[in-house]
Amino acid sequence: MIINLSPSSCSLSLSRFINSKRLTKTHLSKSLSSSSSSTFHSKNQFLHEKNRYPLGRRRDFRSWVIPGFDFGNNFESTQSVLEAVGVLTAIIVVHESGHFLAAYLQGIHVSKFAVGFGPILAKFNAKNVEYSLRAFPLGGFVGFPDNDPDSDIPPDDKNLLKNRPIFDRVIVISAGVIANIIFAYVIIFTQVLLVGLPVQESFPGVLVPDVRPFSAASRDGLLPGDVILGVNGIDLGKNGPSLVTEVVDVIKKSPKRNVLLKIGRGGGSVDVRVTPDENSDGTGRIGVQLSPNFKISKVQPKNILEAFSFSGREFWGLTYNVLDSLKQTVMNFSQTASKVSGPVAIIAVGAEVAKSNVDGLYQFAAVLNINLAVINLLPLPALDGGTLALILIEAARGGKKLPLEVEQGIMSSGIMFVIIVGLFLLVRDTLNLDFIRDLL
């Protein structure tokens, strides 16, 4: 998720790197796009083996593939998009509230609290703070009057953020991350209490949830509900999401050539020969949706202590996988750079989660919070971690700040980089949406 964080205003927009992964729905009717969300790599799963976590395998948002967004059912799509936007907005509000409360409770001057970016839709003032709702709900910011030429506060006021001791500033800058971590745990705990913890049991093969009319798959006899047990004489195992990628790769590499599929259907198995159609880029397509073949059940805690235990294991499991995926992204950046996603792809993934199972929004929200917290701590300009790094440099210099021009140059370059990358991802992910691709 790319999230733009302004050093001077602790601004946040959902365009910061949230490393990407793919959603279970794989539209093979077109070449697969790489738009997706959240520190996700095809080799890594949020699901954990039963022998590692007694609760069994958990739903893996990083293994899902979303090449686009299907607006076939307008009402359902609109509702699910609004739910996804609501989740992202809530995460932003929590993050910015962390910065705001950490400053306010220490008596540090705050001038603005905004949800969204762009033109102001509504605002009010209370205790010298302007609270506003803005047109684009994919970000927000907390503003400080430190360098505001219109501010009536003297520049040497001890309660300006820039004039506070290092420890006070560290608390304010890190409070957004802490708020997201707490919020992630609260979401998981709420899920455990209200709906139970999802436990996944995997079965052999790849499920075919849907077959598009008039597609190669429909023409050659594939049916919704079929399970692909083998491809070209090679049986598929129970290795979850990676099997989807294997089947996708074979089909993409076989335009206008027969692909022999061993299909599980009605308790038996049949062989079906499918001839993929050819995309404009030369890859094959058969017009199906694919997903790992698994069954989800839910475990309810017997008491409050067990609820805390379940929540803790789930939280640390998700956190481990977010960190592991970030490491894989950094170590294999040349292969994973194309999977970095922006706000459009994140909303599309959230909308698909909401359409398939509203309960999935709990883990979707928890994963985004953890990703936001982890990415924000990276010592990069325009992120919380970049601001913290400058404060630590100041501490190492015995409290002597870097020259203002140097700090502004570092942060300005970081902000400019984030804006450019964010605009690129916005355009790319929008063009990758199915309904846009159909129009083109």
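The questions and answers below cover helix packing, backbone angles and salt bridges in a predicted model.

User: What kind of model is this, and what pLDDT do side-chain atom pairs need to count?
Analyst: Residues are numbered from 1 along each chain as its sequence is written, and side-chain values use heavy atoms, without hydrogens and water. The model is predicted; local features need pLDDT of at least 70, totals for chains, interfaces and linings use all residues, and side-chain atom pairs count only at pLDDT 80 or more.

User: At what angle do the axes of H9 and H10 cross?
Analyst: Two packed helices are described by the angle between their axes and the distance between the axes. Helices are DSSP runs of H or I with at least four residues, strands are E runs of at least two, and both are numbered from the N terminus. Axes are lines fitted to C-alpha atoms, for helices over the stretch in contact, with angles from 0 to 180 degrees between N-to-C directions. H9 (residues 384-396) and H10 (residues 404-431) have axes that come within 11 Å and cross at roughly 160°.

User: Is H9 roughly parallel or roughly antiparallel to H10?
Analyst: Under 35 degrees counts as roughly parallel, over 145 as roughly antiparallel, 65 to 115 as roughly perpendicular and the rest as oblique. The axes cross at roughly 160°. That makes the H9 and H10 pair roughly antiparallel.

User: Which residues of H10 meet H9?
Analyst: Contact means heavy atoms within 4.5 Å. On the H9 side are Gly-386, Thr-387 and Leu-390; on the H10 side are Glu-407, Ile-410 and Met-411.

User: Is Asn-128 buried or exposed?
Analyst: Asn-128 sits in the loop between strand E2 (112-126) and strand E3 (129-143). Its phi is near 65°, positive in a residue other than glycine. Buried means under 20% relative accessible area, exposed over 50%, and partly exposed in between (1.4 Å probe, protein chains only). At a relative accessible area of 75%, Asn-128 is exposed.

User: What is the relative accessible area of Phe-214?
Analyst: Phe-214 lies in the loop between strand E4 (197-211) and helix H3 (216-220). Phe-214 is not a glycine, yet its phi is positive, about 65°. The residue is exposed, with a relative accessible area of 82%.

User: How many salt bridges does a search of the whole structure find?
Analyst: A salt bridge is a side-chain nitrogen of Lys or Arg within 4 Å of a carboxyl oxygen of Asp or Glu. Lys-123, Glu-130 and Arg-134 are linked in a network of them. The search of the whole structure gives 10.

User: How far apart are the closest N and O atoms of Asp-168 and Arg-164?
Analyst: Asp-168 is buried, at 14% relative accessible area. Arg-164 also counts as buried, at 13%. They form a salt bridge, with the closest N and O atoms 3.1 Å apart.

User: How many residues apart are Arg-219 and Asp-277?
Analyst: Their side chains meet in a salt bridge of 3.2 Å, N to O. Arg-219 is in helix H3 and Asp-277 in strand E9 (residues 277-278); the pair links distant parts of the chain, 58 residues apart.

User: Is Asp-226 buried or exposed?
Analyst: The side chains of Asp-226 and Arg-265 meet in a salt bridge (2.7 Å, N to O). Asp-226 is in the loop between H3 and strand E5 (227-231), and Arg-265 is in strand E7 (residues 259-265), 39 residues apart. Arg-265 is partly exposed at 31% relative accessibility. Asp-226, at 2%, counts as buried.
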